[in-house]
Amino acid sequence: MRALAVALALAILSAPASAAVKPAAPAPATTEPNRCADDAGWDDPAVPRHVYGNTWYVGTCGISALLVTSKDGHVLIDAGTEAAASQVEANIRALGFRVEDIRAIVGSHAHSDHAGGLAKLQKDSGAPLYARASAVQPLSTGNADRSDPQLLALKPFPAVAHVETIDDGGHVRVGAIDLTAHATPGHTPGGSSWTWRECERDRCVDMAYVDSLSAVSDDVYRYSDDAAYVAAFRTTLTAVAALPCDVLVTPHPSASNLWARVPPVSSKPLIDAGACRAYALGATQRLDARLAKEAEAK
Ligand SMILES: [Zn+2]
């Protein structure tokens, strides 16, 4: 019975690889990557670029989107704003991949800057979106509820038609790609982070796409009124610090210094095994500062 349940779970989470996929080795990008600024706008165009192994950056200068590729199909991570969705698709095509070969979509959190383009990417690829249970409602309606600290400051985004639930520790598998889902509530209740392995020649690394960890809110919400939520946030920060994490990419590229770590700049190493620890530490200090400020204002 248990074996059957596992087999069913795998069948649900493994996207079909029936249709032919264009070979994974892409044509080299014809344009040199542009230099993106850390304060770039959400929709400022970026030239797509290689990150590591079969992972490619297909987002804008201001908002990340990654394509993890295989000969049996691809996984898209985040899709930028609604206005940037066509840029993400153009970036995928510029690298020699096909949007139609995306077999699964995953994301960080249900805010318009990262989820606004999901509906279009889903429509054009036919791929399901995998999200944690507490993100299903905002993703499938395009609207958050009061469990989101930023509720009153949020812009709605196009609803995603096909959302599949995935648990903490669950896997999204497409061909040789195997992404692990990590529950990272805090910035939003349904936030998720993702880890996977990538190899280049003889070096394999742990890739980590780690959700936003900023404790920001609208003018009404107070973190200190919700002890359980703050406790979950702290659990997230501890978990992020301990993630398998050689190459960190964040939904806002500047939060992980991405533009200093990839061409054409590369003044900082792409691979940094301490990156998730440092990211979690910075976020912990900002959460503590936020709680102190709320206590002062009381
Ligand atoms: Zn956000």
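Me: Leaving aside neighbours within four places in sequence, which residues is Y57 in contact with?

Reply: Heads-up: this is a predicted model, where local features need pLDDT of at least 70, side-chain atom pairs count only at pLDDT 80 or more, and totals for chains, interfaces and linings use all residues. Residues are numbered from 1 along each chain as its sequence is written. Contact here takes C-beta atoms, placed from the backbone, within 7 Å. On that basis, Y57's partners beyond four places in sequence are P48, R49, V51, L66 and V262.

Me: Is Y57 buried or exposed?

Reply: The cut-offs count other C-beta atoms within 10 Å, again placed from the backbone: 20 or more is buried, 12 or fewer exposed, and in between partly exposed. Y57 has 23, so the label is buried.

Me: And why does P149 count as buried?

Reply: P149 sits in the loop between α5 (133-141) and β7 (163-165); helices (H or I, at least four residues) and strands (E, at least two) are DSSP runs, numbered from the N terminus. Not counting residues up to four places away, P149 touches V216, S217, Y221 and Y223. P149 is buried because its count of other C-beta atoms within 10 Å is 26.

Note on methods: Two residues are in contact if their C-beta atoms, placed from the backbone, lie within 7 Å.
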